[in-house]
Amino acid sequence: MAAPDAVAVQGHTARRPLPAGAPADVATADAAPASGFPTDGLRSLWSPRSVAVVGASDNPAKWGHWLASGALAGRARREVHLVNRSGAEVCGVRTVRSVRELAGPVDLTAVVVPAPGVERAVIDALEAGTRPCS
């Protein structure tokens, strides 16, 4: 079954991305958010100034490696922090053992740890100043 072209959530419409080569007027019309769409609290999600990857890994078979690599690819646009409980280097970059070791809060924290560690990682991130999206 194909995904719907648009999904309405709380009175706002989210559209699937248009295929490459779509007419510019269609792309512009679909890209504009609905009137009154709350975007202020989402800046840290769409355009974070700093990112922490909790569970960063040097093992290419793990999600923590995939997210760490992607975050590091965007280092020119934002500050990137890698968190690894063993403190081992990941992708040639020094890590910290906990997000609480960072000098200040980060805009976006990605948590990619095994299930038993998720709650502690989220609590640490919130206590370190990462704000939930509103």
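The model is predicted: local features need pLDDT of at least 70, side-chain atom pairs count only at pLDDT 80 or more, and totals for chains, interfaces and linings use all residues. Residues are numbered from 1 along each chain as its sequence is written, and side-chain values use heavy atoms, with hydrogens and water left out. The protein chain has four helices and five strands. Helices (H or I, at least four residues) and strands (E, at least two) are DSSP runs, numbered from the N terminus.

**Fold**

- From the N terminus on, the order of elements is β-β-α-α-β-α-β-β-α.
- The protein chain has 134 residues, and 29% of them count as buried. Buried means under 20% relative accessible area, exposed means over 50%, and partly exposed lies in between (1.4 Å probe, protein chains only).
- Among contacts with a separation of 6 or more, 53% join residues 24 or more positions apart. A contact means heavy atoms within 4.5 Å.

**Confidence**

- The protein chain averages a pLDDT of 76, and 65% of the residues score at least 70. pLDDT is the predictor's confidence in each residue, from 0 to 100.
- Confidence is lowest in helix α1 (residues 24–31), at a mean of 39. Strand β4 (residues 79–83) has the highest, at 95.

**Helix α3**

- Helix α3 spans residues 63–73, and its buried residues are G64, H65, A68, A71 and L72.
- The arc is that of the directions from the helix axis to the C-beta atoms.
- An α-helix has 3.6 residues a turn, so residues three or four places apart point the same way.
- W63, W66 and A73 are exposed, on the face of α3 turned away from its buried side.
- The buried residues of α3 pack against β3 and β4.

**Helix α4**

- Helix α4 covers residues 115–127, with A121, D124 and A125 buried.
- Seen down the axis of α4, the buried residues fall within an arc of 95°, so they line one face of the helix.
- P116 and E119 are exposed on the other side of α4.
- The packing partners of the buried residues of α4 are β3 (50–54) and β5 (108–111).
- G129 follows α4 and has a positive phi, near 110°.

- E79 lies in strand β4. Its relative accessibility is 48%, so E79 counts as partly exposed.
- E79 and R49 are 30 residues apart in sequence, but their C-alpha atoms are 6.4 Å apart in space.
- Beyond its neighbours within four places in sequence, E79 is in contact with R49, S50 and V51.
- H81 is also found in strand β4. At 15% relative accessibility, H81 counts as buried.
- H81 touches S50, V51, A52, V53, L102 and V106, leaving out residues up to four places away in sequence.
- The side chains of E79 and H81 are joined by a polar contact of 3.2 Å. A polar contact is a pair of N or O atoms within 3.5 Å; within protein, one must be able to donate a hydrogen and the other to accept it, and residues adjacent in sequence count only if both atoms are side-chain atoms.

- C91 sits in the loop between β4 and β5. Its phi is near 55°, a positive value in a residue other than glycine.
- C91 counts as partly exposed, at 30% relative accessibility.
- T130 is in the segment after α4, and is buried, with a relative accessible area of 10%.
- A polar contact of 2.9 Å joins the side chains of T130 and T109.

**Largest pocket**

- The largest pocket holds about 420 Å³ of space. A pocket is an open set of points on a 1 Å grid over the protein atoms alone, where a 1.4 Å probe fits, with protein on both sides within 12 Å along at least five of seven lines; lining residues have an atom within 4 Å of a point. Grid points are joined across faces, edges and corners, and a volume is the space filled by probe spheres set on the points.
- Its lining has 20 residues, and V54, G55, R85, V113 and P114 lie nearest its centre.
- α4 gives the most to this lining, with four residues.
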